[in-house]
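Dear colleague,

Please find below the structure that I am handing over to you. My notes on what was found in it follow directly after.

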Amino acid sequence: MNANITTRKLETIEDMRLMQSLEKTVWGSESIPIHQTYTAVTNGGLMLGAFDGEKIVGFSYGFTGFANGKTYLCSHMLGIHPDYQLMGIGKTLKEEQRKFAIDMGYDLITWTFDPLESRNAYLNLSKLYGVCEIYLENWYGEMEDGLNKGLPTDRFKIEWWITSKRVEESYIPTIDRFDRPFTVGSSEQGNPILEWGERDIPINSAGIEIPIPENFQLIKQNEPQLALDWRLKIREIFQTLFRAEYALVSVNRTTYGIHYYQVVKRNTIPLNTNERGEIE
C-alpha cells in the first residue's frame, strides 16, 4: 500500500458525509442516508476510512448482525476510489476491520460478493482466508447500477472467523490434487465459455476446482447473453456443491483469462470450535 495512505475510524456526522461522497463516486448510485450510517456506527457498527492526506480514498462499513442466537459484524460495503484501486487499500481496511472487531468482542464478520468477480474472490478467500458455503440467489433483486444492471444479483456469503486457526495461521487445506470436471471454451469474440451441460457435478472428491472468468465485466459489456450463461451455470454448480457440504476456500489464479475456485469438504477447515474442541 502507498506509504502516504492512513486509516482511521469514521465516527462523526462529518465522517459520514465523507463516506457518502465516496460511495457515489465508486458505485454511481444513491448513497446510504447519513442518519442510517450514523445510527449504525453508534450502536455496535464499525466504519473505517482510508485517506491520502485529507482526501478519503476508501472505506469499509459494517453494522451489527444477529442470527441463530449469535451476534456478528455484517460488513456491508468496501469501496475504493477508482484512482486508488489495486494498491492494497482494500486488504488494509479489512485487516484494520478485523482488529477493531476483535476489540469490540466479535469473532465473526460476514459479507457478500458477486461469485463471478474474480478480484473480490481472491481478496476474500486467498488473502483474508474467509470461507463460503452459502449461495444467495438473486439476493438484491434487479439493480440498475453499472456493476449489476442486467443480471440476477446472485451472491456468495463469506464467513470470516477472525479468531480461528484458518485466519490466524493462514490455513489452507492440503489437497494432493484438485479435480477439474469443467472445461472452458472460447466464443467468437474470444470470451471464455463454461462448457458444461447435463453432466453430474462430482461430490465425492477431496477437492474440486471450478472455473470463472478473470474479467466478468468485460463479458457483460460484449456478450450479455454469455454473461447470463455463466451466472446460471455457476449458480447450479455451487448450490449443488454446498448442499453436498463443500465449502469454498481459495482461488487459483492463472495467466490465461480463467481463474479457479477451490472447494473442499467443510469439516476439514478449522473454523470455530465447540466446548469439546470439535470443529462446527
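Two strands are said to pair if DSSP finds at least two bridges between them; helices (H or I, at least four residues) and strands (E, at least two) are DSSP runs, numbered from the N terminus. This is a predicted model, in which local features need pLDDT of at least 70 and side-chain atom pairs count only at pLDDT 80 or more, while totals for chains, interfaces and linings use all residues. Residues are numbered from 1 along each chain as its sequence is written, and side-chain values use heavy atoms, with hydrogens and water left out.

Strand 11 (residues 246-252) and strand 12 (residues 258-265) pair in the antiparallel sense over six bridges. Y246 has K265 of strand 12 as its bridge partner. The two strands form a hairpin with five residues between them, and in the turn G257 has a positive phi of about 85°. Six of the seven residues of strand 11 are buried, where buried means under 20% relative accessible area, exposed over 50% and partly exposed in between (1.4 Å probe, protein chains only).

Helix 7 (residues 224-243) has 20 residues and reaches 29 Å from its first C-alpha to its last, close to the 28 Å expected; that expected span is 1.5 Å times one less than the number of residues. Its buried residues include W230, I234, F238 and L241. Just after this helix, E245 takes a positive phi of about 70°.

A nonpolar core is a set of buried Ala, Val, Leu, Ile, Met, Phe, Trp, Tyr and Cys residues joined through side-chain atoms within 4.5 Å. The largest one has 54 residues, and I210, F238 and Y261 have the most contacts inside it. Helix 7 supplies the largest share of this core, eight residues. A second, separate core of 14 residues includes L22, I34, V41 and I56.

Two further buried positions may interest you. I109 lies in strand 5 (residues 108-113) and has a relative accessible area of 0%. The C-alpha atoms of I109 and L73 are separated by 4.7 Å, although the two residues are 36 residues apart along the chain. Residues that I109 touches (heavy atoms within 4.5 Å) include L73, I158 and W160, not counting residues up to four places away in sequence.

T153 is in the loop between strand 6 (131-136) and strand 7 (155-161), and counts as buried at 1% relative accessibility. The side chain of T153 reaches the backbone oxygen of G141 at 2.9 Å.

With kind regards

Key
Polar contact = N/O pair within 3.5 Å; in protein donor to acceptor, adjacent residues only side chain to side chain.
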